[in-house]
Each structure stands twice: as C-alpha cells, then as structure tokens.
Amino acid sequence: AGRCGPAHRRRTLPSILRELAGKRQLSEEIVSLLQAQFSDLPRELHSWRQMADYSPEMRQFACLLHLYHIKAYDYLRKILPLPHPYSLTNWLSNNKAAAGFSSDIFLRLQENVERGDQAYRYCAVLVQDMSLQKQQEWDPQTKRLMGFVDLGAGILDADEAPLASEAIILMAVGISSPWTAPLGYFFVNSTSGHFLAQLLRQAINKLNNIGIVVLAVTSGASARGAQTARALGIRTDPKRIQCTFQHPPGSAHSIAYFFDVCHALLLIRNALQCFQKVEWLGDTVWWQHVVELAALREQRVVEPCSPESGRAGSKGSYHLKVNPAALLFSEGVAEALEHLQKLGLASFQSCRGTVKFVRLMSSLCDVFYGRGPYGKEPFLTGSYTKISNLFDEAKSFFVNLTDSVGRYIIKSKRKLGFLSFLLNAESLKWLFSNYACPEGTPSHHLHTRAFSLDPLEQFLRALQQACGSSGSPTCTVFQAAYHKLLASCSLAPGSPHTSGNASPRDISLSRRRDLTLGSIRAQYQPAPARTLAPEYPCSAGLLLPSSALSNALTDLSLHTRSLTCTAGWVAEQLALDLHCEACLASLFEADESRLRCRSVLYIKKLGGVSLPSASVHHITSISEQVLNHYGKVGGANKKTKLWHLSLEQKVFQELLGESPLFPTLTNHLFEEDLSINNHFSVLVKEITRCYLNIRTNPAQHLNLKYPCGRHRLKRLKGKHLFLSPLGSCQSS
C-alpha cells in the first residue's frame with residue numbers, strides 16, 4: 001500500500017470522500033452513509049498508517065468501501081495503507097451465526113480437506129437473496145438496535161443508515177459429491193451486480209485459502225444476475241461468448257459462470273407467451289398449442305377394442321385427461337401434442353414446430369438436471385458427444401428464432417432466457433474440456449445439479465420453516481433461524497441437515513411449478529373453488545363405521561362399489577395437490593398401451609368418478625379392513641390424532657410383505673436417496689390418511705345416501721374387481 005506523500009498531508013478523509021463523489025466514483029448516498037456512520041473516524045491521514053492498530057470502525061469502513069466500490073477502494077489504497085482486498089475476508093467473518101462469513105463452516109471444511117477427502121477438493125458457489133421485513137428491533141442480549149445493514153464487519157446503525165431489506169446468502173456445493181455448506185449471509189438494503197461480484201470474489205478467495213478450488217459460480221437469471229456476470233467479466237454475446245472469469249484477476253485460474261436453469265426456463269416461457277408465435281428456418285412454434293393442451297381437461301374417446309381383447313367389433317370408452325403436473329418443456333408434452341395431432345383434433349394439426357421446440361428444451365433440461373438419456377454422469381465421453389451435438393443444435397435454433405415480423409429474439413428484450421442456456425452450454429463444455437479429461441481432475445463425476453440454485457433453495461425453504469411464518473422475516477428472526485440451522489449443520493454428502501421436510505427432487509419440482517400445464521391452465525381458465533363433496537361420492541353409498549349392522553345387511557356389490565368410488569375420489573383429491581407427473585399418473589387406472597407418456601392419460605370412468613389404479617384400490621381396501629377391525633375399539637380416545645396415527649400404523653403393517661405397489665414407479669422410487677419421505681412412501685401415507693379421514697369423518701365430506709339398483713362386477717386387466725352400473729341409481 002502507498003504511503004502518505006507531502007502533497008497529501010493536508011488532505012482529510014472527508015475531503016477525499018467528497019472528491020470521489022465529485023468524480024462520480026462514489027454515489028452521494030454512499031458518501032452520506034459513510035460520513036454519518038463513521039463520523040468518529042480519524043480525519044487526519046497519518047492516523048491510518050498502522051493497520052495493526054485499526055479500530056473496529058476503521059475495519060468496518062474499509063470493508064464497506066471495498067464491497068460497494070472497488071475502484072474507490074483502490075484509489076484510497078494509494079493514499080492510505082489499507083489492506084489488500086482479499087485480506088478483508090478475515091474482517092468479514094464471525095464465529096457465531098452473525099452476519100458475514102461463518103468461520104465455523106470454513107474451519108470444518110478445512111478439516112475435511114486436510115484429511116485428504118477428495119470430495120471437498122472442488123466446489124461451486126451459489127448466491128441468492130431472501131426478502132426481509134424492514135423493522136428496527138432492540139436486542140436485549142447485545143444491547144444494540146437490530147434491523148440495519150450488516151456486512152459482517154459490524155452493524156451500520158447510524159440514524160441516517162437504511163434498514164436492511166434483504167439477506168444475501170452464499171453456499172458452497174460439492175461438484176463430485178453432493179455436499180452443501182452455507183458459507184454465510186449479509187444484510188443489505190439494496191445491492192448491485194458489482195457488490196455481488198465483490199462478495200463472490202471474497203467467498204472464492206476464502207475457499208481457496210483452505211484448499212478448495214472453486215470451478216463454477218451460479219446466480220439467478222435476472223437483471224442483477226446479468227449485472228453480476230458482467231462485473232466479473234462474463235460476456236453473453238452469442239458471437240463472442242465468454243463463459244469464464246479469472247480469479248484472482250489476471251491469474252491463470254478460470255471459473256465458469258452459470259445462470260439458474262429454472263429461472264431461464266421461466267424467461268423462455270414468458271417470451272413464448274408474449275410473442276405467441278416464433279419462427280425458425282421454416283418451422284413455427286405456436287404458444288396456442290400449449291394453451292389448448294393445458295385447457296384440455298377431459299375428453300371422452302370411444303375406440304374399437306383390439307382383436308386381442310376377444311371382443312372384436314365392440315367399443316371401449318375412455319376419458320382422455322391431461323396431467324396438470326406435466327412440465328411444459330418435457331418429452332411427455334411433446335408426445336402428447338403429437339398424439340393429439342394423430343387423433344385428428346383441429347387445434348393441434350400444425351404443431352410440428354411446437355413439438356420440435358418442446359423436445360429440444362426437454363433435452364436441454366435433461367442435461368442440466370442430470371436425468372433422462374444423459375443420466376447422472378454427463379461427462380462420460382459417449383454422453384458428452386451427444387450433449388455437444390445437442391448444444392450446437394440449440395445454438396442454431398436460438399440465434400435464428402424470429403418473431404412474427406422477422407426480428408431476432410436473441411436481440412430482443414426477451415433474450416435473457418435464451419442467452420442463459422447458451423452461456424450454460426459453453427460453461428459445461430469448458431468444464432468438460434478442462435476438468436473432466438485431464439489427469440488429476442475430478443473425472444466425469446461432476447453433478448450438474450451443483451450448477452443450479454436448487455441446493456440453495458432447499459436451504460432457504462428450511463430457513464423459512466425455521467422462521468415460523470410464510471412472510472418475510474425480520475433480521476432478528478432470520479438470524480435466530482439461521483443460528484438454529486447452523487447448529488445442526490452436517491457437511492456430510494447427502495446429509496439432510498438443511499433439507500427440512502422436502503427432498504431435492506421436491507424442491508426442484510416446486511421451483512418449476514410455474515412451468516406445469518396446470519399453471520398455464522390457471523392463467524387462462526381460473527379454477528373454480530374446490531368443493532369437498534362432488535356429486536359422485538354423494539351416491540357412492542359410504543357406510544358409517546358406527547352402524548353395527550350396516551355392512552352385514554348391505555349387498556356386497558354395493559359395498560364394493562362404494563369402496564371403488566371412494567378410492568377414485570381419494571385419487572382425484574390427491575391429484576389436485578400433486579406436483580410430480582409420475583406420481584399423479586400412478587393414481588388412476590389408465591390404459592398405458594394407448595399412449596406411453598404421462599402428460600395425457602386414458603382413464604376409465606365409473607358413474608362420473610375416475611377409476612383408481614390397482615395400488616390405490618388395494619391401499620384403500622386394506623384401510624377399510626383395518627378400520628372395520630380396529631375402529632370398534634378406542635372408546636373416548638376415538639378420532640383423536642393419536643388414534644388416527646395408530647390406524648395408519650396398522651395399515652402400514654398390513655401392507656408390509658404384500659406385492660409391490662405402484663409398479664410404474666419402480667424406477668421413480670430410486671431416483672432420490674431412500675428416505676422416509678420419498679415420493680413412494682409419501683404417496684402410500686397420503687392415500688391412507690385421506691381415506692381414513694373420509695371414513696371417520698363422513699359428515700364433513702359426504703351427504704350420505706344409500707343408492708339401490710342392479711350392478712355387475714367387471715374385471716379390468718385382471719387386477720381387481722370394479723363395479724359397473726347396469727341402470728341408473730336412485731337414492732332411497
């Protein structure tokens with residue numbers, strides 16, 4: 001650092017700040033904040049000569065100036081003996097769960113590195129913000145006012161200081177092993193891309209100091225994210241994409257930059273919706289095709305039965321039902337559009353271009369989410385060749401997309417989503433070339449999930465739960481919740497310490513909820529208020545468990561029909577809240593031979609109710625048996641939460657050892673780490689809970705009536721018996 005020269009001896013710190021403001025190297029707002037917060041700092045420059053004697057206020061001043069304006073800090077270093085920017089990381093760190101970098105987390109990461117654990121050799125850094133409620137509070141423990149901006153070096157609590165409006169959270173994620181580490185948080189009022197760029201460089205430097213190499217950085221695909229990328233040296237011009245930046249600046253080490261895939265997909269969906277029609281080398285992508293598909297709630301289809309059924313010439317009646325949990329950019333939606341075109345539906349007769357675009361986007365999602373034909377190891381040589389060809393096709397597609405008047409989309413105000421995918425593609429290819437091939441690098445075991453914000457969103461969901469409310473927390477509440485999570489934090493790969501009740505797959509599905517057909521349908525056809533008593537359960541003939549003779553005196557066929565209808569009603573109720581396409585499809589008795597995708601289902605109906613799948617029917621049957629056997633005991637403890645839990649436990653015990661449930665979900669069960677809350681176990685639990693709730697509280701759900709009439713049993717595909725009415729049922 002420079003020394004004070006003769007020409008500078010009469011200059012004071014306030015005069016230098018005013019000089020920087022005059023040169024527009026510092027905003028008037030920052031200068032006013034610095035002067036208000038640090039009015040007690042030494043004015044004379046000679047008082048700043050010994051860094052070892054810097055007071056906490058002097059350190060806080062240096063950190064604040066560096067993060068908010070690096071050029072002003074560099075200028076001041078020529079006059080004052082301020083430390084090198086990367087030495088400021090120690091002043092931005094705290095031992096407890098206070099704002100700043102968490103010293104405890106970095107110490108534990110260092111211990112793993114020093115033990116030689118290769119899983120912690122490489123990582124990606126994620127950055128995301130969380131909204132805060134502006135509120136000034138008194139902390140009786142520290143005896144200080146809370147709610148102000150805090151960057152880790154101390155609270156800015158001057159009268160003129162602004163209240164914090166958001167928290168910036170940083171996380172390190174293992175690339176070759178799925179470990180996560182919350183690095184710290186910072187209370188800010190307003191931030192710029194330049195501020196986040198400096199914060200990211202501080203985090204990278206601190207990780208490098210303990211032996212961890214940062215290979216990638218991920219931010220949101222937003223205006224701030226784009227500004228952060230530019231501040232780091234990233235360029236997104238399709239003709240001259242620069243997907244890496246040097247750290248430290250001017251060094252040989254490069255770091256790739258990614259935009260969050262989910263954010264980019266939302267931007268592309270918005271672009272299609274705004275343009276309505278985009279064209280590419282003779283093909284046309286129509287947004288209306290997506291709207292028509294999403295709006296297709298149910299349609300009755302009558303088809304001749306195949307010769308294999310033994311009933312040639314007769315007709316089978318099915319209801320074509322769109323799966324609202326299906327993701328817009330998925331292979332299932334592409335297949336559904338093609339299928340509806342083959343059926344001759346007028347709305348889908350010119351959908352070739354739309355199908356091509358949806359299929360391309362689906363393949364890109366498969367790569368960045370590590371699924372489908374690319375699996376979880378996209379850096380294998382065979383897979384990479386396919387990926388490289390896919391990226392070339394996507395680039396050709398995106399740069400030639402035009403709107404209805406011939407203007408290029410890539411140059412329009414709706415370009416960021418497409419540019420994000422082009423940048424991500426270049427970053428992934430760069431990682432393969434530099435870190436998946438040479439010896440001594442992490443080989444092909446690079447998890448692409450580490451390049452999305454999903455792991456950080458999972459932590460933020462757990463943090464929101466710990467805050468105890470769905471709204472924006474205050475600084476005090478946020479800090480307490482963060483401290484609670486940090487206390488139970490385990491850095492072991494796959495550890496659920498910060499997951500809350502949601503799995504990584506659930507977080508990913510939840511984040512993409514606005515990309516489902518159901519969300520698109522809701523935009524154009526607002527759903528009516530949900531009713532708990534649709535018409536078909538009213539005539540299902542559910543029997544009160546308190547009726548001692550009801551089951552004995554009732555026709556067995558009526559009881560079976562009642563059970564079937566109720567199981568179908570349970571399936572439809574659960575389908576309203578399911579966000580997993582595969583799980584929703586598994587609830588119903590569908591004819592898989594007609595369409596091998598889950599976006600469009602062929603479902604049998606019985607008197608207005610969808611027939612449940614064999615697994616749903618089996619679970620409800622076991623639940624009914626348990627209820628009949630154990631529901632007669634309990635006395636005063638009946639219908640308490642504990643009693644309901646005991647019934648659920650009995651059902652699970654009965655199901656153990658049975659034939660496997662949900663055969664279509666065999667692979668889906670193992671897509672995530674086995675846990676008590678994976679999709680398979682949750683589905684069984686929710687079906688049981690919903691059925692028992694209906695049966696033990698019938699008055700809340702059904703207007704019980706006992707239909708009469710003639711019924712006949714019908715066997716579907718040899719799985720189980722259902723009932724089909726021969727005539728209309730009339731209530732008694």
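R224 is partly exposed, with a relative accessibility of 23% (buried means under 20% relative accessible area, exposed over 50%, partly exposed in between; 1.4 Å probe, protein chains only). The model is predicted: local features need pLDDT of at least 70 and side-chain atom pairs count only at pLDDT 80 or more, while totals for chains, interfaces and linings use all residues. Residues are numbered from 1 along each chain as its sequence is written, and side-chain values use heavy atoms, without hydrogens or water.

R224 forms a salt bridge with D129, side chain to side chain (3.7 Å, N to O). D129 sits in strand 3 (residues 122-131) and R224 in helix 7 (residues 223-232), so this pair ties together parts that are 95 residues apart in sequence. Helices (H or I, at least four residues) and strands (E, at least two) are DSSP runs, numbered from the N terminus. D129 is partly exposed too, at 34% relative accessibility. A network of salt bridges links D129, E166 and R224.

A salt bridge here is a side-chain nitrogen of Lys or Arg within 4 Å of a carboxyl oxygen of Asp or Glu. This rule gives a count of 14 salt bridges. One of them joins the side chains of R108 and D104 (3.1 Å, N to O). These two residues are four apart in helix 5 (residues 103-114), so about one helical turn separates them. R108 is partly exposed, with a relative accessible area of 22%. D104 is also partly exposed, at 32%. K277 and E279 supply another salt bridge between side chains (3.6 Å, N to O). K277 has a relative accessible area of 21% and is partly exposed. E279, at 29%, is partly exposed as well.

Helix 1 (residues 13-22) has buried residues at L13, P14, I16, L17, L20 and A21. They span an arc of only 160° around the axis, which puts them on the same side of helix 1. The arc is taken from the directions from the helix axis to the C-beta atoms. R18 and G22 are exposed on the other side. The cover over the buried residues of helix 1 includes helix 2 (28-37), helix 3 (56-68) and helix 4 (70-77), with contact meaning heavy atoms within 4.5 Å. Just after helix 1, R24 adopts a positive phi of about 60°.

E572 belongs to helix 20 (residues 556-575). E572 is buried, at 16% relative accessibility.
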